[in-house]
Amino acid sequence: MFEAFDATVLARIQFAFTVSFHIIFPAFSIGLASYLAVLEALWLWKKDEVYLELFNFWKTIFAVAFGMGVVSGIVMSYQFGTNWSVFSDKAGPVIGPLMGYEVLTAFFLEAGFLGVMLFGLNRVGPRLHFLATAMVAFGTLISATWILAVNSWMQTPAGFSVNEAGQFVPSDWWAVVFNPSFPFRLVHMVLAAYLTTAFVVGACGAWHLLRNTAPRRARTMFSMAMWMAAIVAPIQIFAGDLHGLNTLEHQPAKIMAMEGHYESHPDGAPLVLFGIPNSGEKRIDYAIEVPKLGSLILKHDLDAPLAGLDSIPDELHPPVSIIFWSFRVMVGMGLAMLGIGLWSLWCRYRGTLATNAWLHRMTVLMGPAGFVAVLAGWITTEVGRQPYTIYGHLLTADSVSPIEAPAVGASLVAFIVVYFLVFGAGTFYILRLMARLPRDTMPELDEGPLRTAGVTPGPAAAKSHGGHHGH
Amino acid sequence: MAIDLPFIWAALIAFAVLAYVVLDGFDLGVGILFPYFPEKHDRDVMMNSVAPVWDGNETWLVLGGGGLMAVFPLAYATVMPALYAPIIAMLLGLIFRGVAFEYRWRTRRAEFLWNWAFAGGSTLAAFSQGLALGGLVQGIPVEDRAYAGGWWDWLTPFSIVTGVAIVVGYALLGATWLIMKTRGDLAERARSIAVKCAFATVAAMGIVSLWTPFLEPVYLQRWFGWPTAIFSVIVPLLVLGCLYLLLKGIQERHDVQPFIASLGLFVLGYIGIGISFYPYMVPPSLTIWDAAAPNESLAFLLVGALVLVPIILAYTAYSYWVFRGKVDPEEGYH
C-alpha cells in the first residue's frame with residue numbers, strides 16, 4: 001500500500017489539492033468582479049444608493065476572496081517547476097508564453113487597479129473609480145481566457161512540433177490558442193463562475209430576507225442573483241452539452257468514463273443514469289439505464305454505435321469511478337440550479353419572490369452549489385485527461401520532477417496544514433461578512449410586505465438594530 | 001545578423017526580477033519591521049501604507065516565475081527542483097503575509113495572530129529568497145536536462161549569509177519607505193532603524209561580495225580580470241556613495257532621498273551579481289543560450305512584452321500617484 005506513494009503520486013495529490021483550493025477563488029472572483037462593475041454602473045446610472053451600499057458590501061468580501069486567490073495562485077505558478085520540471089522543460093515553450101501573457105495582460109491589470117478600487121473612491125472620483133472596477137472585472141476575464149487556453153491545449157494539443165530535445169515547439173500560435181476544445185471550455189468556465197457567484201449572492205440575499213435584516217438591499221441582491229440563475233443555468237446546460245460533444249470528438253476515453261461505457265455498443269448506447277462502476281470486472285453494477293438515450297444525446301441518433309473503453313488499451317484508461325461520480329455531481333448541481341432559477345421565475349410571476357420563505361431556504365442551501373459543481377467539473381475534465389498531462393503526447397509519469405518522495409510528501413503536508421488553516425479562516429471571515437448587515441449609508445425607508453411566517457418582524461428588527469451598533 | 005532573442009529576454013527577465021526585488025522588497029520590509037512597532041495604531045498605518053500596492057508588487061514575482069518558464073524553460077526546470085525547500089518556504093511565507101492584509105482587519109480577537117502571520121511570513125519569504133539567491137550564486141549542477149545535485153545542496157554558510165543579507169536589506173527598504181510615507185513618532189523610529197539597517201546592509205553586501213569570487217573560478221576571473229575589474233572598483237565606490245546619501249538624507253530629514261538611496265544600494269548589488277553571472281542563466285551549468293526556449297516562443301512573447309510592459313509601468317505609476325504622499329491614518333476602506 002505505502003509503496004504506492006511514489007513521487008509521482010504525491011506530486012499529483014499535491015497538484016490536485018492546491019489547484020482544487022485555488023479554483024474556488026477565481027470561480028468566485030470572476031463572477032463577483034463583474035457583479036461589482038454592474039452594481040457600480042447601476043449606481044452611477046440610476047443614482048440609487050442601494051447599489052452603492054451593495055457595492056461596498058460585496059467589495060470587502062471580494063477583497064478577502066481575491067487575496068486568497070492571489071496567494072494560492074502564486075503557489076500554482078511555481079509548482080510547475082518544483083514538482084513537474086520535465087513537463088515544464090518540454091511544454092514550457094508552448095504554454096509558458098500563454099501564461100506570460102496572462103501575467104502581462106491580466107494579473108497586472110487586476111493588481112494595478114485593485115488598490116484604486118478598494119481604497120480610491122475619495123481620491124479619484126466616481127467615474128475613474130468605475131473605470132478601475134471595470135478594469136479589475138475585465139482582468140479576471142482575460143485571465144480566465146489565457147489559463148483556459150493553456151488547459152485546453154493540454155487537453156487537445158494543436159499547432160506544435162517536437163524538437164530533438166523533446167520539447168514541444170509552437171508552429172502556429174493561432175492553432176495553439178484556438179485549439180479544438182478552447183472555446184467550449186472557456187464559455188463553460190466563465191458561465192460556471194457567473195452561476196457560482198449568483199448562488200453565493202442569492203444565498204446571502206435569501207439569508208437576509210429570511211432574517212428580515214435589510215429588506216431592500218437583500219431583495220435587490222436576491223432578485224439580481226435569481227435573474228442570473230434563471231438566465232444562465234439553461235445556457236450553461238446547453239453549453240455543457242456542446243462541450244461534451246467536443247470531448248467525444250477529441251477525448252473519447254473521457255466520455256466513455258463519464259458515461260460509464262466499459263463496453264462498446266454497436267447498435268445504440270444506453271444512458272447510464274446511476275450505478276456503481278466496478279473497475280475490477282469492468283462493468284457498472286446495479287446500473288439504471290435508459291436504452292438508446294446515450295446515443296441520442298451524444299450522436300443525435302438512437303441507433304448510432306458508440307465505442308467503449310474496451311476499444312482502448314487498459315493502460316490508457318482514465319480512472320473510471322472518479323470521473324463517473326464527479327460528472328454526475330456536476331450535472332446534478334446544474335439541474336438543481338436550473339430548478340431554483342425556474343422556481344424563482346414562477347415566484348416572480350406570482351409576485352412572491354421576496355416573500356416565499358421556501359425558495360429562500362432552498363437558495364441558502366444551494367449557496368455553495370456552484371463551488372461543488374466547479375470542483376466536480378474540473379475533476380471530471382482533469383482526471384479524464386489521465387494518464388496524460390498533454391493528451392496523447394506526454395504521459396503524467398514522464399512529466400514529474402526527478403525528485404524524492406519525502407520532499408514532495410513534506411511539502412504536501414505543509415500545504416495541507418497551511419491551506420486548511422489560512423483558507424479556513426478566510427472562509428470564516430467571508431461568511432461572517434455576509435451574515436453582517438449590508439452597511440447603511442442612508443436610513444432604510446421600508447416598503448413592501450413584512451414576512452409573517454418564520455422570523456417575526458419585531459425581534460428581527462431589534463436584532464438588526466443591535467447588530468448595527470456592534471460594528 | 002539575427003536579433004539575439006535569448007539575450008534580450010535575459011535582460012527583460014533581469015528587469016522583472018529587479019522590479020520585484022525593489023517593489024516587494026519594501027513591502028516585505030514593512031512586514032519584517034512589524035515587531036519593532038508594537039503600537040496598534042502604528043501597525044495600522046504601516047499596513048495601509050503598502051495595502052493598495054502590495055498585490056501589484058508581488059505580480060512581478062509571478063512574471064519572473066511565469067516568464068522564466070516561457071523563455072528559459074530549462075533554467076526554470078532545473079532551478080526549481082534544486083531550490084525546492086527554499087521555494088516552498090517562500091510560498092508558505094507569502095501565503096501568510098498575503099492574507100494578513102485582509103484578515104487583520106476582519107477580527108479583533110485574533111488580530112495578534114495575523115500580526116504574527118504578516119511579520120513572520122514576510123521575514124520567512126525574504127529569508128527564503130536570500131537562501132535561493134545564495135543557492136543559485138553558488139552553482140547548480142545540471143546533467144541531461146535535469147538537476148543533478150542533492151536536496152540540501154542549497155544549504156551552506158554562504159546561502160545563510162545571503163538570506164540574512166536580504167532580510168536586512170528589505171528591512172532597510174521598508175524603513176526608508178516608512179520615512180517617506182508616515183509622520184511623527186512612527187517616522188522618527190523608522191529613521192533610527194534605517195540607520196542601523198543601512199550599516200548592516202552594506203556590511204552584508206561587503207561580505208557576500210568578498211565571498212562570491214571564491215565560489216567559482218569564473219567569478220574570480222570576472223571580478224579581478226581585465227577589463228571587468230573596472231566594475232569591481234567602481235561598484236564598491238558607488239555603494240559607499242549611496243550609503244553617504246542615505247545617511248545624509250536621514251540626518252537632514254529628507255522624506256524621499258533615503259528611499260531612493262536604498263534603492264540605489266539594491267540596484268548596485270543586483271548589477272554586481274549580474275556581472276558575476278553573465279553569460280550564465282544557471283551557473284555554472286547553463287548559459288542564456290543553453291536555457292532559452294525556441295525562437296518561436298521568444299518572439300511571440302516579446303511582441304506582447306514590448307507593448308505591454310510600458311503600459312503596465314504607466315498604470316502602476318498612476319496607481320502610486322493616486323496614493324502619493326503621507327498615509328492618512330483615518331483613511332482605508334476597512
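What is the mean pLDDT of chain A, and what share of its residues reach 70 or more? The mean is 85, and 92% of the residues get to 70 or more, pLDDT being the predictor's confidence in each residue on a scale from 0 to 100. Chain B averages 88, with 98% of its residues scoring at least 70. This is a predicted model, so local features need pLDDT of at least 70 and side-chain atom pairs count only at pLDDT 80 or more, while totals for chains, interfaces and linings use all residues; side-chain values use heavy atoms, with hydrogens and water left out. Residues are numbered from 1 along each chain as its sequence is written, and chains are lettered from A, with ligands numbered from 1, in the order in which they are written.

For the complex, the predictor reports an ipTM of 0.87 and a pTM of 0.86. Helices here are DSSP runs of H or I with at least four residues, strands are runs of E with at least two, and both are numbered from the N terminus. Where pLDDT is low, the predicted coordinates should not be read in detail.

Now for the interface. On the chain A side, 74 residues are in contact with 64 residues of chain B. The area buried between the two chains is about 6,300 Å², and carbon and sulfur atoms give 74% of it; buried area is the accessible area (1.4 Å probe) that two parts lose on being put together, summed over both. In chain A, Tyr78(A), Phe108(A) and Phe119(A) lose the most area to chain B, together 14% of what that side buries.

As for polar links, 18 residue pairs across the two chains are in polar contact, both residues at pLDDT 80 or more. A polar contact is a pair of N or O atoms within 3.5 Å; within protein, one must be able to donate a hydrogen and the other to accept it, and residues adjacent in sequence count only if both atoms are side-chain atoms. The elements giving two or more residues to the chain A side include helix H2 (49–83), helix H3 (85–119) and strand S2 (168–170). H3(A) provides the largest share, 27 residues. By type, that side divides into 48 nonpolar, 20 polar and six charged residues, with Ala, Val, Leu, Ile, Met, Phe, Trp, Tyr, Cys and Pro counted as nonpolar, Asp, Glu, Lys and Arg as charged, and the others, Gly among them, as polar.

A cis peptide bond joins Gln386(A) and Pro387(A), with omega about 5°, and Pro387(A) sits in the loop between helix H12 (369–383) and strand S5 (388–390) of chain A. Another cis peptide bond joins Pro283(B) and Pro284(B), with omega about -5°.

Note on methods. Contact means heavy atoms within 4.5 Å.
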